[in-house]
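The sequence and the coordinates are shown first.

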Amino acid sequence: MNFLSKKSYIAWYFVIPVVFIHLFVIGIPSILSLALCLTDWSGLGKINYVGFENFIELFDDRYFKKAIFHNILWTIIFLTVPVCIALMCAYLLTGIKRGQMFYRLAFFFPYMLASVVNCQIWKYLFHPIHGLGGFFESIGIEALASSPFTTKETSLYAAAFVDGWHFWGFLVVIYLTGMYQVDNHLYEAADIEGASKFQKFRYITLPMIRPIFIFSLMIIIIWSVPVFDYVYILTGGGPAYSSEVVANYLYTHAFVRFNVGYASAVGTLMFIYVIFIVGIFGLLRKLGWEI
Amino acid sequence: MLVSNFRRKEAIPNHFILILFALLAVLPILVLFFNSIKPFSEFGLNPLGPPSEIRLQNFPDAWIAGEYTKIFFNSAKLVFGSVILCLAVSLLAGFSLAKLNPKGSTVIAIYLLVGISIPAQLYILPLFLLWKELSLLNTHVGLIIIYSALNAPFATFLIRSYMIRLPDELFDAAKLDGANTFQIFFRIALPLSWPVILTAGLIIGLAVWNEFLFALTFITDPNFKPMATILFSFQARFENNYALQSAAAIMMVAPIAILFMLFQRRFISGLTSGGLKE
């Protein structure tokens with residue numbers, strides 16, 4: 001189009017500030033990180049090139065492997081539990097007329113709150129004495145009688161629960177937007193055929209919202225990589241690495257032990273993984289998938 | 001358009017399930033609110049229910065214990081600084097990408113898209129070392145620059161998708177009248193774009209107000225900390241004083257709750273636009 005000016009460099013003036021600030025904060029440090037992962041730098045003194053030694057060490061590091069395993073679990077949990085609940089709630093919401101807005105606001109509100117606040121709420125609720133601990137004990141759920149955040153077997157799931165509690169309302173709104181775009185005639189036709197609620201969901205709603213649905217799965221996979229706040233605040237990765245995730249592991253190496261090279265290697269792997277995932281979804285789209 | 005793919009009598013079980021989930025979402029926040037106005041002595045007997053006696057004194061107590069006059073100001077500075085800087089750069093870029101179509105604009109769009117998906121953990125450490133070199137650690141300016149960069153890609157795309165729908169005739173007419181590109185930006189594009197400016201501003205402000213990782217890493221001096229990281233240390237300092245803790249948390253929630261009530265649609269559409277625009 002280019003109708004505003006013959007000289008296209010004026011168009012560039014407008015873009016320079018954003019590119020500059022983004023390169024300065026994110027672009028250049030990222031490239032630095034990709035370079036530093038091949039060194040043994042400690043943040044001070046000489047920088048020695050060590051090749052792929054950090055990566056070799058990482059693949060031997062059992063805490064790192066544990067963290068990766070936890071991130072995979074985290075991804076699987078988020079791809080199933082909040083997705084199913086959100087799909088169900090969004091679908092049920094399309095069937096009611098009164099109170100639509102109320103439900104939408106109620107579901108969405110936790111998504112607006114800070115991680116520190118949400119963590120505080122649930123730390124209190126799961127407190128063995130003050131919160132629901134006594135209640136759980138009296139109805140016989142021994143597992144929740146002590147705080148799930150300080151129990152080895154449950155810490156990861158408890159942190160994932162709080163994060164999921166804050167996140168699922170976001171999915172409801174996204175799915176709802178997709179479901180409103182479905183042509184009403186399809187449902188009317190299905191009604192005439194005598195289709196059940198579930199059949200309508202399975203054969204009309206789900207296929208029709210597929211692009212949004214697949215996209216939501218992609219962002220869940222990507223967002224499960226840098227998970228940090230909820231783990232750091234609720235469990236700190238413990239007890240005994242039972243809820244350690246990659247981002248928290250990196251944080252400890254970067255800002256507690258100042259292993260610059262090692263931490264950069266972890267960051268590089270996270271980056272490669274994310275680009276890989278984005279690439280796969282991009283490829284699927286190119287291959288004609290409707291995403 | 002409302003899809004009514006259920007018959008009316010089926011709506012009742014729908015409501016039943018939906019109410020259960022709405023309670024799951026809202027009740028925990030309600031408990032926090034109850035606890036913020038509950039006398040400390042009541043916690044032993046009544047840990048979850050509404051208070052038998054309302055004690056608003058918790059708020060001034062928490063305000064003084066946490067030195068919130070200073071802390072609130074810190075957060076306000078970060079929010080306004082980031083909103084202004086981020087909007088400024090994003091409006092310029094959004095306008096250019098929507099209406100000027102610079103050569104190579106797809107390269108910029110791809111760069112910003114990749115920028116959104118880079119995990120913060122990749123660059124946070126080199127950024128920290130760079131900020132140390134530039135003496136930007138423990139300064140609000142340093143954090144404002146970071147927050148602006150973090151939110152700029154999202155804001156740029158949001159603004160671009162809005163401005164692209166503004167009618168070209170307006171810009172052509174102004175051009176015929178002899179206005180240069182900057183005048184067109186300030187006199188035509190900006191005044192017409194206030195809805196998206198408001199939406200983007202709210203979303204950036206919310207993100208900055210709630211942000212934890214960068215605030216934790218780049219501000220270690222308690223005098224400069226924002227609300228989020230102060231609340232985190234508050235939780236450790238007053239570990240068993242839930243009245244004080246809850247009051248402090250509610251002070252962080254209150255501005256968001258008020259803005260959410262006023263601008264629900266903007267918040268919801270703005271926050272989910274990233275998930276839908278692709």
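## The loop between helix 5 and helix 6 of chain B

B:N138 sits in the loop that links helix 5 and helix 6 of chain B. In this predicted model, B:N138 has a positive phi of about 60°, although it is not a glycine. B:N138 has 16 other C-beta atoms within 10 Å. A residue counts as buried at 20 or more such atoms and as exposed at 12 or fewer, so B:N138 is classed as partly exposed.

B:S135 is also placed in the loop between helix 5 (120-133) and helix 6 (140-163) of chain B. Its phi is positive too, at about 55°, and B:S135 is not a glycine either. Because B:S135 has 9 other C-beta atoms within 10 Å, it is exposed.

## Helix 3 against helix 6 in chain B

Helix 6 of chain B also takes part in a helix pair. The axes of helix 3 of chain B and helix 6 of chain B come within 6 Å of each other and cross at roughly 40°. The crossing of helix 3 of chain B past helix 6 of chain B is right-handed. By class, the contact between helix 3 and helix 6 of chain B has 17 nonpolar, nine polar and three charged residues.

## The nonpolar core

The largest nonpolar core has 166 residues. The residues with the most contacts inside this core are A:A90, A:V172, A:Y175 and B:L231. Helix 3 (residues 68-100) of chain B supplies the largest share of the core, with 16 residues. The core also draws at least three residues from each of domain 1 (8-55) and domain 2 (61-276) of chain B. In soluble globular proteins, nonpolar side chains tend to be buried together.

Which residues are in contact with B:L231, leaving aside its neighbours within four places in sequence? They are A:V116, in chain A, and B:A248, B:A249 and B:M252, in chain B.

## Contact between the chains

In the contact between the two chains, 84 residues of chain B meet 87 residues of chain A. Helix 1 (residues 11-36) of chain B contributes the most to the side of chain B that touches chain A, with 13 residues. That side of chain B has 57 nonpolar, 20 polar and seven charged residues.

## Domains of chain B

Chain B is divided into domain 1, residues 8-55, and domain 2, residues 61-276. Taken over C-alpha atoms, the centres of domain 1 and domain 2 of chain B are 32 Å apart. The contact between these domains takes eight residues from domain 1 of chain B and seven residues from domain 2 of chain B. On the side of domain 1 of chain B that touches domain 2 of chain B, five residues are nonpolar, two are polar and one is charged.

## Overall makeup of chain A

Chain A contains 13 helices and zero strands. Its C-alpha trace spans about 75 × 75 × 30 Å along the principal axes. Of the 291 residues of chain A, 42% count as buried. Among contacts in chain A between residues at least 6 apart in sequence, 66% join residues at least 24 apart.

## Local features of chain A

How many of the 10 residues of helix 8 (residues 184-193) of chain A are buried? The number is zero, so helix 8 of chain A lies largely in the open. After helix 8 of chain A comes A:G194, with a positive phi near 80°.

A:F258 lies in the loop between helix 12 (246-255) and helix 13 (260-286) of chain A. Because 15 other C-beta atoms lie within 10 Å of its own, A:F258 is partly exposed. A:F258 and A:G43 are 215 residues apart along the chain, while their C-alpha atoms are separated by 6.5 Å.

A:F215 belongs to helix 10 (residues 210-223) of chain A. With 19 other C-beta atoms within 10 Å, A:F215 is partly exposed; the cut-off for a buried residue is 20. The C-alpha atoms of A:F215 and A:Y111 are separated by 19 Å, and the two residues are 104 residues apart along the chain.

Key:
Residues numbered from 1 in each chain as written. Chains lettered and ligands numbered in written order. Predicted model: local features only at pLDDT ≥ 70, side-chain atom pairs only at ≥ 80, totals over all residues. Core = buried A, V, L, I, M, F, W, Y, C linked by C-beta atoms within 7 Å. Helix = DSSP H or I, 4+ residues; strand = E, 2+ residues; numbered from the N terminus. Domains from an automatic or database assignment. Nonpolar A, V, L, I, M, F, W, Y, C, P; charged D, E, K, R; others polar. Axes fitted to C-alpha atoms, helices over the stretch in contact; angles between N-to-C directions. Left-handed = near helix turned anticlockwise from the far one by under 90°.
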